Amino acid sequence: MAKKGNRIQVILECTEHKNSGVPGTSRYITTKNKKNTPDRLEIKKFNPVLKRVTVHKEIK
């Protein structure tokens with residue numbers, strides 16, 4: 001049975017990794033409640049390629 005409601009799946013991508021020029025990407029998949037947070041998410045997550053915590057933003 002499918003889930004109902006305002007909760008949707010979003011992809012978070014590292015912002016610092018794109019500018020560093022290092023190959024690879026750091027992406028996470030999570031869910032958010034679209035009714036409570038209509039704007040894009042911005043969360044600090046661990047980047048395994050850069051080996052430190054960086055800001056990850058929601059992409060479409």
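Student: Does glutamate 13 count as buried or exposed?

Tutor: Go by relative accessible area: under 20% is buried, over 50% is exposed, and partly exposed is in between (1.4 Å probe, protein chains only). Glutamate 13 has 10% relative accessibility, so it counts as buried. Across the protein, buried residues make up 22% of the 60 residues. Bear in mind that this is a predicted model, where local features need pLDDT of at least 70 and side-chain atom pairs count only at pLDDT 80 or more, while totals for chains, interfaces and linings use all residues. Residues are numbered from 1 along each chain as its sequence is written, and side-chain values use heavy atoms, with hydrogens and water left out.

Student: Which residue forms a salt bridge with glutamate 13?

Tutor: For a salt bridge, look for a side-chain nitrogen of Lys or Arg within 4 Å of a carboxyl oxygen of Asp or Glu. Here the partner of glutamate 13 is arginine 27, with the closest N and O atoms 2.9 Å apart. That pair links distant parts of the chain, 14 residues apart: glutamate 13 sits in strand 1 (residues 7-14) and arginine 27 in strand 2 (residues 27-33). Helices (H or I, at least four residues) and strands (E, at least two) are DSSP runs, numbered from the N terminus.

Student: How many salt bridges does the count come to?

Tutor: Four, by that rule. Another one of them joins the side chains of arginine 52 and glutamate 16, at 3.1 Å from N to O. Arginine 52 is in strand 4 (residues 52-59) and glutamate 16 in helix 1 (residues 15-20), so this pair ties together parts 36 residues apart in sequence. Arginine 52 is partly exposed at 42% relative accessibility, and glutamate 16 is partly exposed too, at 30%.

Student: Where do glutamate 42 and lysine 57 lie?

Tutor: Their side chains meet in a salt bridge as well, at 3.8 Å, N to O. Glutamate 42 belongs to strand 3 (residues 42-47) and lysine 57 to strand 4, so parts 15 residues apart in sequence are tied together. Glutamate 42 is exposed, at 54% relative accessible area, whereas lysine 57 is partly exposed, at 38%.
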